[in-house]
Number of protein chains: 2
Amino acid sequence: METPQKVRWMQDIFGEYQRYFTFLKKVARHEFRKSWFTRISTPILEKAELFERWVWEGTDIISKEMYTFKDRKWRDLVLKPESTAWVMRAYLENFIDEPQPVYLYYIEPHFRYERPQKWRYRQHYQIGAEIIGEIDPVLDAKMIYMWQSILDSIGLKWKYTLKLNTVWTQKEREKYIEALRDFFSNKKQHLDETDLFRLEVNPLRILDSKNPDTKELIKFAPKITDYLKKESKEYYESVKEYLDIIKVEYEEDHTLVRWFDYYSHTVWEFVDWSGRTQDTFCWGWRYDELSKLLWHKNAVPAVWFWMWAERLIESTMESWVQLKNKDKIHLYFIQLGDDAKKILLPLNIEARDKWLNSLLSLGTPSLKIQMKKANKINARFVAIVGIMEARSGICQLKDMETGTQVEVKIENLLSHVIEKIWDENLDFYSPTKDFIIVEPKEEIL
Amino acid sequence: METPQKVRWMQDIFGEYQRYFTFLKKVARHEFRKSWFTRISTPILEKAELFERWVWEGTDIISKEMYTFKDRKWRDLVLKPESTAWVMRAYLENFIDEPQPVYLYYIEPHFRYERPQKWRYRQHYQIGAEIIGEIDPVLDAKMIYMWQSILDSIGLKWKYTLKLNTVWTQKEREKYIEALRDFFSNKKQHLDETDLFRLEVNPLRILDSKNPDTKELIKFAPKITDYLKKESKEYYESVKEYLDIIKVEYEEDHTLVRWFDYYSHTVWEFVDWSGRTQDTFCWGWRYDELSKLLWHKNAVPAVWFWMWAERLIESTMESWVQLKNKDKIHLYFIQLGDDAKKILLPLNIEARDKWLNSLLSLGTPSLKIQMKKANKINARFVAIVGIMEARSGICQLKDMETGTQVEVKIENLLSHVIEKIWDENLDFYSPTKDFIIVEPKEEIL
């Protein structure tokens, strides 16, 4: 009988992959904090009704790509496929009376039951940020800048192009869609099956067509610019002006049309130009109508940006980003037998308390295997303690850099090593420094 | 129509709660790293077959407390209720050929469909660590010490008692269980319904009984010590000896019996003695037989420790732990109108690049509301820029500590503030310092 396997297209994250993931999360959290965003974690399970408000005709997600199921009371639940509607739900419950706008970010597992492709796992992590509660072109520019900083900081500085567009307001778009429908309805004989379907459900998506014949037709189709009000144009111009001021380079791309009805104004993507495919690193857009879909009485403006973490992790792993090993071991303790362990266990704790990166090899008693390990982890010093050393209180200390070996009293071992590696190589970091623990007084003494 | 609500007994984590959660995660990650543990993230969804190996008669989890469902291909899946079997599955897939033992930790959402109680949410976070691949009492002692360090570092130093016991090996236990069954079978008339059920499925659990009559009976029941082999006793004595050496205080509690068949030797709990209830903070035990339940040919020894994060978060929030606010704002920019935004947006970025904690108020244009915010976040300096200031290049800078106000050239604003708050108050942290980005050479230029 075979041991159980994990679900296909889901992955265990550990080792190198986990280290790059940690790097990405650290950078993202730091940039978010610098811009005054705070973290929110919403439940992974939500009621399907929330989800049904959010998606509708024109997208395949609901029908095929979701993990939906019924709980024991036969209520429909869904594992979150992304977080816009989820965060908006949480905003309406918790943040509506706070000073606006509200800045939130999240780093969470998400689920898609979709055809497996490179970096698209069925369980994956999304990192996203939202500014909710106000509409202002400067917020869109700020959001774009923040994400550019993240991409730059993880080492993808030379790898992307920012593509920018506007999808205007819902009202303007509706009129434009009507015009498109009229235009293409007269030319059905030139459309393939996919585009005929798009004509049916959402003619805007025809502008996305890869069919060369359709691409020719599109050149003669009505232009959105003819359906605009002044305010929308000014909004878009203003976003661009802010981006220019803070020196963010972008390419305008008017084929960048997203098809959710609640989108408005600015949409953008950071596109990977380094690889074989013109793949997208991450996306963002403004949405000002979503709250109404969730039955809220008012439209709550918001701007959103997000990435699939795996996409970025795999890009940094393939690129020129190397992670420093912060955990260089200064002193590696090799023990031979129980008596040695009894001496080294407390000594290892003491070493750590003195900020020395030390490691006590436990388990395997063979000297050879333990020396191999010491080499593999690139330890600077190795102390070897067996029964004799435990009795005499003197042990061998090997300097792995110079290859020299000296006898040292075990009680002097730590000060000896600290002297050799110098104070400045010690890592004095402790998270408890960030926090005040008010020591208890009378109440417990 | 009401806006959608979240699933009951699940929670949004944000604000203060999220800050304490961050604190806990930081401390735990730091202690794990110090002890050479590396992180693993296993999928939240696993096949039900894995889960069915892991639990069986004698526990209620399978029947009532799980989120199980079928995917589109009618395969049985389960949302993980805890991670022992999950991590063992991942170990067998990925780590079996690595140098042993393997040190792993995780911080992950888990799911229980159970009766709601304080801190027991249906989606909750578990933090756990495992040492897999070798058996040695010193590993158990090391594990206990590490978790004690975590509890101490989050400020619960005076709040817990460590309770310790052994459940011996499976073979010894089987004989003992038989003896218990014989003993209680003659005394059925003195047992209540619960204990009669326990007698049926697992007589060991009778030792956990709260019934006063049963408690009396237990005094005369067979003792596990009569069924022991020398090795098991020595193992337990050795764990205690190591704990004594590293000065970990514990109370032996022989009623601490866990009822999974794959447990062996050491079991322990950190018990909260500060509250109304003698509630458990976190648990640990050794298990050496689980891998066989997963159809693996050999027993893989392992020791495990874990906590429900919410339990600890809520304890630290209720205790004397105060979190420092690392994000003290040095300079808060108030803008009045678009011209001001255009000047302040790049200035805010420049300030951040100079390690100044600065924040630009975007959105709300009212001076009053923005000043209120500046007070609320306890900003040290506030710069106010309106149309006039944008034109003249001179603005008002208010020192919120002294209440004084001066005129400063906008171009000198940053150097002025940096001079006032001193270099040593700047936060020079950047995660990119932990990483080397090898700049691209010929290949892309």
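View 1. The same surface serves both copies, since 100% of the contact residues of chain B recur in chain A; contact means heavy atoms within 4.5 Å.

This is a predicted model, in which local features need pLDDT of at least 70 and side-chain atom pairs count only at pLDDT 80 or more, whereas totals for chains, interfaces and linings use all residues. Residues are numbered from 1 along each chain as its sequence is written, chains are lettered from A and ligands numbered from 1 in the order in which they are written, and side-chain values use heavy atoms, with hydrogens and water left out.

**View 2. The open sheet of chain A.** Eight strands of chain A, in the order 1-5-6-11-10-9-7-8, form an open sheet with mixed pairing. Strands (E, at least two residues) and helices (H or I, at least four) are DSSP runs numbered from the N terminus, and two strands pair if DSSP finds at least two bridges between them. Strand 1 (38–39) and strand 8 (251–252) of chain A stand at the edges, each with a single partner strand, so one side of each has no neighbour in the sheet. Antiparallel pairing over seven bridges links strand 7 (residues 160–166) and strand 9 (residues 263–272) of chain A. Here K163(A) stands opposite E269(A) of strand 9.

**View 3. Helix 9 of chain A.** Helix 9 (residues 230–245) of chain A lies across strands 7, 8, 9 and 10 of chain A and runs at about 160 degrees to strand 7. Axes are lines fitted to C-alpha atoms, for helices over the stretch in contact, and angles run from 0 to 180 degrees between N-to-C directions.

View 4. R75(A) is placed in the loop between strand 3 (68–70) and strand 4 (76–79) of chain A. With 38% relative accessibility, R75(A) counts as partly exposed (buried is under 20% relative accessible area, exposed over 50%, partly exposed in between; 1.4 Å probe, protein chains only). Beyond its neighbours within four places in sequence, R75(A) is in contact with F69(A), K70(A), Y113(B) and R122(B).
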